[in-house]
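Please read them with the structure open.

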Amino acid sequence: MASPAGCLPWLPGGFMVTVRALLFWALVYSYCAVCACIELLKLLWSIGRSPGKTFQRIVRENPPACLSDPSLGTHCYVRIKDSGLRFHYVAAGERGKPLMLLLHGFPEFWYSWRHQLREFKSEYRVVALDLRGYGETDAPSHQENYKLDCLITDIKDILESLGYNKCMLIGHDWGGMIAWLVAICYPEMVTKLIVVNFPHPSVFTEYILRHPSQLIKSGYYFFFQMPWFPEFMFTVNDFKVLKNLFTSRTTGIGRKGCRLTAEDIEAYLYIFSQPGALTGPINHYRNIFSCLPLQHHEVTMPTLLLWGERDAFMEVEMAETTRIYVKNHFRLTILSEASHWLQQDQPDIVNKLIWTFLKEETIRKRE
């Protein structure tokens, strides 16, 4: 079994590598400063227009009813021995059935998989996890506790704690990044890999450095390197940024998609408005550049990549390039009218595509 540290090495040493590293970090911090200035201007503009509303924040003490909907499954907790952290998850389907493990993105939590929890519980033990630092899962205070090595090991340990030695792994956005790396580091634990709107990590690293348009779309990666200010900006105007991510014309679910209800939005606001609830999720990003650049790593299990072409954060060209890193059956499906929030945007289509992929693999094995 490969160790996470062995999966995320630096490139070989040498003078040119040192120069490239210096240029890389110069780019990171320069762009971080640019993004911070842009956000500061937005804040000043908001204060100038409506100072009272800018700092308004509603106290949300009680969760909306949708978070305890019994049709979604049972709320459970598991404590990992090595780290001592307690993880929260929602599980649907009978124990003993094959495990389908779902990893959410940012800024989301287990609830983003509500449509999949209902759909696949008939044949799987479906587990939608709150990642380290999110929701009801423990959130270590130190930034170093959110390195990719830790996040990858979390998934391995959770799998074992649930009594399984393998799973069908699905990840979206940042959860997709983790899913790719788990599949690379612990291939024996992943029977099938499904990723939603996130390319192979090597593709993302190479593409962002060569395409300024993607660099701009990924500006939040750089902005999140700052302490406390990103968290504060999310709270402005009662978490207007969070609402807009899911509802605005540019970043939200498209007009042909399954829009979030008022209660769905309130579920997100409830989770991320709790004291300190944003620091853990943003800390995931504060460690990303210390693990880059990555060496090229291949994925050896059957893989399905689903992509919403109207993704405001990820350019679709990266999806096709991902194919070269999968040394097994690879299927790519691009949905032209779908947004970044694909499994919530087009849940019926996404669920059908997943079923097709699973049945297709079963038929292939029999043959």
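1. In which strand does threonine 303 lie? The model is a predicted one. Threonine 303 belongs to strand S7, which covers residues 303-308. Its relative accessibility is 0%, so threonine 303 counts as buried. Outside the four places on either side in sequence, threonine 303 touches Trp180, Leu193, Val326, His329, Phe330, Arg331 and Phe357.

2. Now threonine 333. This residue sits in strand S8, residues 330-335. Is threonine 333 buried or exposed? Its relative accessibility is 17%, and the cut-off for buried is under 20%. Threonine 333 therefore counts as buried. Its contacts, with residues up to four places away in sequence left out, are Leu305, Leu306, Trp307 and Leu353. There is also a separation to check: the C-alpha atoms of threonine 333 and valine 196 are 9.9 Å apart. Along the chain, 137 residues separate threonine 333 from valine 196.

3. Asparagine 197 deserves a look at its backbone. Its phi is positive, about 55°, although the residue is not a glycine. Asparagine 197 is in the loop between strand S6 (190-196) and H7. With a relative accessible area of 0%, asparagine 197 is buried.

4. Tryptophan 228 is another backbone case. Phi is near 55° here, a positive value in a residue other than glycine. The residue is in the loop between H9 and H10. Is tryptophan 228 buried or exposed? At 59% relative accessibility, tryptophan 228 counts as exposed.

5. Phenylalanine 106 and proline 107 are joined by a cis peptide bond, with omega at about -10°. Proline 107 is in the loop between strand S3 (99-103) and H4.

6. Next, helix H7, residues 201-210.

7. Eight of the 11 residues of H11 are buried, so H11 is largely enclosed by the rest of the structure. The buried residues are Asp264, Ile265, Ala267, Tyr268, Leu269, Tyr270, Ile271 and Phe272. Among the elements covering them are helix H4 (114-120), H10, helix H12 (279-285) and helix H14 (342-345).

8. How do H10 and H11 (residues 262-272) cross? Their axes come within 10 Å and cross at roughly 145°. The crossing is right-handed. On the H10 side, the contact uses Phe239, Leu242, Lys243, Phe246 and Thr247. These meet Ile265, Tyr268, Leu269 and Phe272 of H11. By class, the residues of this contact are seven nonpolar, one polar and one charged.

9. The C-alpha atoms of leucine 269 and asparagine 328 are 40 Å apart. These two residues are 59 residues apart along the chain.

10. The largest pocket has a volume of about 1,100 Å³. Its lining has 40 residues, and those closest to the pocket centre are Glu39, Lys42, Met233, Val241 and Asn244. Which helix supplies the largest share of the lining? That helix is H10, with 11 residues. Helix H2 (15-49), H8, H9 and H10 (229-247) each supply at least two lining residues. By class, the lining of the largest pocket holds 21 nonpolar, 10 polar and nine charged residues.

Notes:
Residues numbered from 1 in each chain as written. Predicted model: local features only at pLDDT ≥ 70, side-chain atom pairs only at ≥ 80, totals over all residues. Heavy atoms only, no water. 1 Å grid on protein atoms, 1.4 Å probe; cavity = no way out; pocket = protein on both sides within 12 Å on 5 of 7 lines; lining within 4 Å. Points joined across faces, edges and corners; volume = space filled by probe spheres on them. Helix = DSSP H or I, 4+ residues; strand = E, 2+ residues; numbered from the N terminus. Nonpolar A, V, L, I, M, F, W, Y, C, P; charged D, E, K, R; others polar. Axes fitted to C-alpha atoms, helices over the stretch in contact; angles between N-to-C directions. Left-handed = near helix turned anticlockwise from the far one by under 90°. Contact = heavy atoms within 4.5 Å. Buried < 20%, exposed > 50% of the residue type's maximum accessible area, 1.4 Å probe, protein only.
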